[in-house]
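Thank you all for making the time this morning. I would like to walk you through one structure, beginning with a charged pair and then moving on to what surrounds each ligand.

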Amino acid sequence: MPEYREYTYDVLIVGAGGAGLRAAIEAAASGVTVGVVTKSLLGKAHTVMAEGGVAAAMANVDDRDNWKVHFSDTMRGGQYLNNCRMAELHAREAPDRVRELESWGALFDRTKDGKILQRNFGGHRYPRLAHVGDRTGLEMIRTLQDHGIHQGMEVHMECTILTLLTSGGRITGAFGYDRERGHFMLWKAKAVVLCTGGIGRAFKISSNSWEYTGDGHSLAYHAGAELMDMEFVQFHPTGMVWPPSVAGILVTEGVRGEGGVLRNSEGRRFMFDDIPDLYKNQTADSEEEGWRYTQGDKNARRPPELLTRDHVARCINREVKAGRGSPHGGVFLDIAWIKQHIPTAEEHIKKKLPSMYHQFKQLADIDITKVPMEVGPTTHYMMGGVRVDGDTQMSTLPGLFAAGECAAGLHGANRLGGNSLSDLLVFGKRAGQYAAEFARAHSAESIDAAQIDAAAARSMEAFNRGAKGERPYQIQYDLQEKMQELVGIVRMESEMKQALEVIEKLHVREANVGIDGNRQYNNGWHTAMDLRHLLTVSEAITRAAILRQESRGAQFREDFQSKDPEWGKYNLVIKKTDSGMAVEKRPVPELPVELKQIVEEMK
Amino acid sequence: MSQATFRIWRSNGEGGAFQDYKTEVSEGMVVLDAVHKIQAEQAGDMAVRWNCKAGKCGSCSAEINGNPRLMCMTRLNELPMEEPVTVEPMHAFPLIKDLVTDVSWNYEVKKKIKKFKPRAPDAPDGTWRMQQVDVDRVQEFRKCIECYLCQDVCHVLREHDKHDVFIGPRFLVYTAALEMHPLDTENRLQELKDDHGVGYCNITTCCRQVCPEGITITENAIIPLKERVCDEYYDPLKKLFRMFTGK
Ligand SMILES: Cc1cc2nc3c(=O)[nH]c(=O)nc-3n(C[C@H](O)[C@H](O)[C@H](O)COP(=O)(O)OP(=O)(O)OC[C@H]3O[C@@H](n4cnc5c(N)ncnc54)[C@H](O)[C@@H]3O)c2cc1C
Ligand code: SF4
Ligand code: SF4
Ligand code: FES
């Protein structure tokens with residue numbers, strides 16, 4: 001038996017980003033005991049990086065907005081593969097969730113009449129994103145953190161879950177380790193909520209932090225829960241491309257929302273050249289109209305730079321491939337040009353986009369108030385995740401819940417910017433509420449000690465091999481390199497089959513990883529244990545992407561370039577079976593009549 | 001590409017020593033890149049804390065050539081690369097391993113500060129009205145990424161170890177954000193004076209100078225707090241008033 005520390009809670013929350021903290025607050029408020037486990041320190045989770053804002057149809061800036069418009073925007077963005085119940089709940093409940101943050105101390109930017117200000121963002125018909133300059137995620141996580149610490153939850157910082165524990169077809173807790181001290185930990189719980197975020201570290205160019213190794217996806221999968229929509233990985237159109245060491249760092253869509261434009265090396269606004277039919281009616285037909293839109297003219301339509309992310313990312317990719325890119329392999333994003341319209345542009349830009357100004361100044365020696373930035377696509381967001389019930393967020397494994405980026409459903413084939421922060425609030429709360437209910441309704445199951453032994457033994461193998469084994473870092477780099485190359489923005493069956501072979505080989509190398517030193521704060525050890533998750537999600541992405549023989553939302557297939565209505569009827573579900581990973585087609589649930597009507601009306 | 005030397009603090013918690021690592025560096029690299037490279041190629045078990053690599057999370061605080069900085073926002077081309085670059089952990093907190101310190105004290109301190117308590121909503125729908133000018137000041141404080149570099153550099157904590165009686169600049173900023181929040185109705189002045197030790201700060205401005213978010217910690221947060229405490233407790237009229245009312 002391995003030695004470990006033991007804790008018991010009614011509800012265990014894995015992850016302390018927006019979703020995890022919101023879930024913990026809700027569960028704790030309902031009177032159950034709550035433990036929160038997070039890989040990093042409290043307040044550092046990925047949510048802290050979110051920039052642009054949180055989407056909620058509060059109609060503070062444009063009174064034509066309401067939940068129905070938000071719902072239909074979300075469905076259109078997701079190309080109708082969304083879980084419509086989640087899209088409905090999200091659109092209905094987001095405004096209250098945002099206002100609630102204000103009652104907990106958040107300070108959003110204001111409108112002239114003193115309400116929460118909202119800004120334009122790609123795919124949203126009206127200005128809808130509540131924001132704080134370009135540091136909305138920081139405001140959100142700090143608000144939840146500062147409120148949460150007084151709610152009676154216990155937080156285990158810098159602890160990592162290695163495996164979920166099950167007995168008799170139900171969740172019984174989780175096993176992991178404490179990074180700072182190096183010892184193992186057992187958390188017994190009646191309900192577990194996964195709020196572990198995304199998978200961006202499976203790719204080389206990514207806006208995501210080190211934590212994004214797909215842990216929740218992989219933990220759920222190995223525990224027997226179903227995953228869904230894994231083929232849909234969002235590539236954000238604008239990441240930094242230079243200098244190399246910062247390639248991938250996000251350049252917020254807010255830049256385009258504030259009037260920034262994309263140009264190729266010929267100076268042409270190439271986004272005007274390719275506007276999808278679905279969006280023709282809503283897109284400006286002149287540069288002048290586009291500018292008016294960004295400045296709040298309600299009669300203007302949005303510039304094509306604010307089309308959905310998948311589309312903008314592909315257009316950029318096309319310009320670069322056609323040799324019309326910028327010197328370092330991107331295109332130009334120009335916000336400095338607005339000085340033609342705004343005499344105080346320099347101050348204006350610094351006020352509206354302070355972090356972007358500093359990011360470029362500090363990391364690239366570029367003053368964005370004077371010269372254009374160079375940008376290119378970067379791996380950004382995972383639409384796919386644990387398949388959950390739309391109301392309760394429970395997975396197909398009883399007692400296991402998921403919320404936030406690691407859950408699937410709300411975003412379908414493509415997420416709209418700003419819809420993630422609102423997702424965290426709406427479904428974090430719901431997951432916390434229903435997990436607490438589940439915990440109250442069930443007694444604790446006994447722990448299966450064999451599962452603990454196996455997990456501990458597996459994680460110690462790398463030490464046993466020591467210097468004889470291979471270092472984990474190179475395996476991670478090789479995976480990232482290949483996923484970027486073979487399962488990236490533009491996909492093809494032959495390449496993806498190759499990727500599966502690569503993953504197979506990397507599994508063999510992973511089984512031979514060796515590390516030095518002791519267990520305390522050992523980054524090598526941690527990286528070694530992350531590998532299994534990265535390989536699992538990479539395989540899931542690749543298998544689903546191969547099966548979906550069409551281009552839709554975030555998935556673009558070179559060999560099947562158009563959208564196929566037949567494929568629009570299915571989500572792809574991934575499940576662990578005795579013979580390995582299985583992918584299967586599952587019909588998209590029919591839209592109820594009321595929702596169908598809304599979608600029709602808003603077309 | 002050129003070679004550079006990094007002199008990195010290695011320790012398993014007790015004792016420790018600098019160790020030199022030579023590695024290739026290229027254009028645009030930041031200190032964190034170099035540390036990662038060394039970790040991947042030469043020192044697999046080296047402990048370093050980081051997360052966003054974009055100056056947003058405040059995880060990668062360290063002392064670079066003696067200056068408290070974020071490793072992910074310190075470009076090599078700002079440093080004299082002909083000499084070894086020293087990288088060591090923050091000094092004001094107990095060391096865990098190599099570059100990683102135990103910052104849990106900060107989380108305990110925050111819990112002791114009375115939480116936000118809003119006034120009743122302004123509008124019937126349960127919302128408030130605030131003007132941008134009224135939130136600007138507090139928004140400055142809320143930019144804080146909790147990197148604790150200001151705590152690290154403050155002599156009251158770093159040299160005099162007053163962790164028991166002084167909350168440090170980070171939490172003075174936090175208190176200021178609550179006290180100056182347009183909606184807040186709580187009063188935190190008594191603790192600020194008696195338990196949180198605002199009086200220990202002698203306005204050296206060291207904290208302000210290292211803040212990566214450029215928060216004007218001393219002028220905008222600490223001095224106004226000191227003034228409020230003064231007005232409340234050292235104003236002769238108020239003192240008299242308290243004597244009579246017993247408040
Ligand atoms: C640069 C950037 C900008 C963005 N801007 C926006 C925006 O403007 N608007 C918007 O809506 N969305 C935005 N997004 C997306 C959004 O920020 C994320 O999708 C969202 O924050 C995810 O939140 P979460 O709560 O699901 O997970 P996270 O905040 O990532 O939290 C995950 C938590 O899980 C923990 N964890 C993970 N694995 C384990 C494990 N094995 N054991 C224990 N703990 C674990 C982590 O430590 C962390 O605490 C942006 C994303 C990026 C990268
Ligand atoms: S100004 Fe005050 S808080 Fe800041 S470093 Fe000096 S003594 Fe410390
Ligand atoms: S006030 Fe500045 S230096 Fe201090 S913790 Fe916050 S961001 Fe860091
Ligand atoms: S890693 Fe987040 S601030 Fe440096």
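Let me begin with A:Lys39, which in this predicted model forms a salt bridge with A:Asp530, the closest N and O atoms being 4.0 Å apart. If you look for the two partners along the chain, A:Lys39 lies in the loop between strand S2 (34-37) and strand S3 (54-55) of chain A, while A:Asp530 belongs to helix H15 (residues 523-547) of chain A, so the pair ties together parts that are 491 residues apart in sequence. As a general point, side chains of opposite charge can pair when their charged atoms come close. Over all chains, the structure holds 82 salt bridges.

Now to ligand 1, and to the question of which residues come nearest to ligand 1. There are 40 residues around ligand 1, and those that come nearest are A:Thr47, A:Gly52, A:Glu211, A:Tyr212 and A:Glu405. Taken alone, ligand 1 exposes 1,000 Å², and the protein buries 99% of that. The space that ligand 1 takes up is the largest cavity.

As for the elements behind this shell, those of chain A that give two or more residues are helix H1 (18-29), strand S7 (159-167), strand S14 (373-382) and helix H11 (419-441). H11(A) gives the most, with four residues. Sorted by class, the shell around ligand 1 has 15 nonpolar, 19 polar and six charged residues.

Let me turn to chain B, where the residues around ligand 3 include B:Cys144, B:Cys147, B:Cys150 and B:Cys211, together with B:Glu146 and B:Arg170. By class, that shell has eight nonpolar, no polar and two charged residues, and the space taken by ligand 3 is the second largest cavity.

Finally, ligand 2 is surrounded by residues of chain B, among them B:Cys154, B:Cys201, B:Cys206 and B:Cys207. Helix H8 (206-210) and helix H9 (217-233) of chain B are the elements that give two or more residues to this shell, which divides into seven nonpolar, five polar and no charged residues.

Note on methods:
Residues numbered from 1 in each chain as written. Chains lettered and ligands numbered in written order. Predicted model: local features only at pLDDT ≥ 70, side-chain atom pairs only at ≥ 80, totals over all residues. Heavy atoms only, no water. Near = heavy atom within 4 Å. Areas by Shrake-Rupley, 256 points an atom, 1.4 Å probe, with all protein chains shown as cover. 1 Å grid on protein atoms, 1.4 Å probe; cavity = no way out; pocket = protein on both sides within 12 Å on 5 of 7 lines; lining within 4 Å. Sits in = over half its atoms within 2 Å of the grid points. Nonpolar A, V, L, I, M, F, W, Y, C, P; charged D, E, K, R; others polar. Salt bridge = Lys/Arg side-chain N within 4 Å of Asp/Glu carboxyl O.
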